[in-house]
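Open the model in your viewer and keep the selection tool at hand. The tour goes stop by stop.

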Amino acid sequence: MVRGTGATANGASVLLPGGPNDGNSPYIDLPNGLISSKPRVTAVAWVTIDAASNWSRVWDFGNSSNGEVPPNGIGNGTSYMFLAASRGTVLNDQRFALKTPTSGESFYDWSLTNVGLFDPGPGVEIFFAATVDSSSGVTSVSSFNRDGVWIQQNAALDWRLNQIEDVNNWLGRSQYGGDPNMTGSFNEFRIYDGTLNRGEIYNLFAGGPEGIRVTGLVRTGNVMEITWNSKAGVSYTIEGTSDLIGWAPVEQGIPAVGDSTTRQVAIAPGTRYFRVRIETR
């Protein structure tokens, strides 16, 4: 549910204009119990941050000191799992944090320059993924990924998902009343029941929300020209088969050429099928 006023949609994304954390500025409210009901979760977002609002959130799942909001007014966070869209007002810096009512905050801060990522500036879509594994019933393991880069993993954290009182599960809004709402847009947000591994998360980043799509096939004699959506910095493999069973590489290590890549491959007589696969790092 989109709450507040002023949100718009463009057919692909929900656009949030930001504003004070007062319930009137728009945000996305997801169902209660999304993470506390599961031993393992993965949160994935394709989001564009348009401005570095002081400690605004990409997501914040948990509870405010005033309980469920609405009907109550916002207070301060008591238990949560959040990703800050900016740490303070620096868009280069972010924080992934977790807290239960009985534990202190466990968090990881990073700067893009420290993890070897290029700062795209505001208005560019970013891919975020976080995993939490509480299946041991004693401690938790968390990890964080941005734009296909594995940034951190913390083990033996002294809290569990079922300790988080997730009655306020929000995109673009914080459990803390002093933090403004996020200014930006959500293309897609997902919660997976389980922890995705590095390869699976990289494939989500490289494929985008809709995955790899072959957008063009042109045959000229014994040559097939294949075009697909791509992402800069990602490499691809074209595979072929005659029976849809025994797939084999036709060409490997194909670098992306912007948002769309085209390659020509030779084809033998008879029926032939092709597909494009992301090469996992």
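What follows is a walk through a predicted model, from a sheet to salt bridges, a pocket and a cavity.

**Stop 1: a three-stranded sheet**

Select strands E18, E17 and E20. They form an open sheet in the order E18-E17-E20, with antiparallel pairing. Which strands sit at the edges? Colour residues 248–255 for strand E18 and 273–278 for strand E20: these are the edge strands, and each pairs on one side only. Look along the sheet and follow the twist, which averages 20° from one strand to the next.

Now keep E17, residues 235–241, and E20. How many bridges join this pair? There are six, and the strands run in the antiparallel sense. For one of these contacts, pick Gly-240; its bridge partner in E20 is Phe-274.

**Stop 2**

Is Glu-239 buried or exposed? At 8% relative accessibility, Glu-239 is buried, because the cut-off for buried is under 20%. Arg-277 is partly exposed, at 35%.

**Stop 3**

Select Arg-87 and Asp-109 next. Their closest N and O atoms are 3.6 Å apart, and the two form a salt bridge. Arg-87 lies in the loop between strand E7 (77–84) and strand E8 (93–99), while Asp-109 lies in strand E9 (residues 106–111), so the pair ties together parts 22 residues apart in sequence. Both side chains can be checked against the surface: Arg-87 is partly exposed at 21% relative accessible area, and Asp-109 is partly exposed at 26%.

With Arg-87 and Asp-109, they are linked in a network of salt bridges.

Then jump to Arg-213 and Glu-210. This salt bridge has its closest N and O atoms 3.5 Å apart. Arg-213 is partly exposed, with a relative accessible area of 36%. Glu-210 is exposed, at 62%.

**Stop 4: the largest pocket**

Select Glu-125, Gly-208, Pro-209, Ser-230 and Lys-231. Of the 18 residues lining the largest pocket, these lie nearest its centre. How much space lies inside? The pocket holds about 450 Å³.

Highlight strand E14 (181–193) and helix H1 (198–207), the elements that give two or more residues to the lining. Which gives the most? H1 does, with three residues. Colour the lining by class: five residues are nonpolar, seven polar and six charged.

**Stop 5: the second largest cavity**

The structure holds two cavities of 30 Å³ or more. Show E8, E9 and strand E12 (149–157) as cartoon: each supplies at least two lining residues. How many charged residues line this cavity? The lining has no charged residues; five are nonpolar and four polar.

Terms used
Residues are numbered from 1 along each chain as its sequence is written. This is a predicted model: local features need pLDDT of at least 70, side-chain atom pairs count only at pLDDT 80 or more; totals for chains, interfaces and linings use all residues. Side-chain values use heavy atoms; hydrogens and water are left out. Two strands pair if DSSP finds at least two bridges between them. Helices (H or I, at least four residues) and strands (E, at least two) are DSSP runs, numbered from the N terminus. Axes are lines fitted to C-alpha atoms, for helices over the stretch in contact, and angles run from 0 to 180 degrees between N-to-C directions. On a 1 Å grid over the protein atoms alone, a cavity is a set of points where a 1.4 Å probe fits but cannot get out, and a pocket is an open set with protein on both sides within 12 Å along at least five of seven lines; lining residues have an atom within 4 Å of a point. Grid points are joined across faces, edges and corners, and a volume is the space filled by probe spheres set on the points. Ala, Val, Leu, Ile, Met, Phe, Trp, Tyr, Cys and Pro count as nonpolar, Asp, Glu, Lys and Arg as charged, and the others, Gly among them, as polar. A salt bridge is a side-chain nitrogen of Lys or Arg within 4 Å of a carboxyl oxygen of Asp or Glu. Buried means under 20% relative accessible area, exposed over 50%, partly exposed in between (1.4 Å probe, protein chains only).
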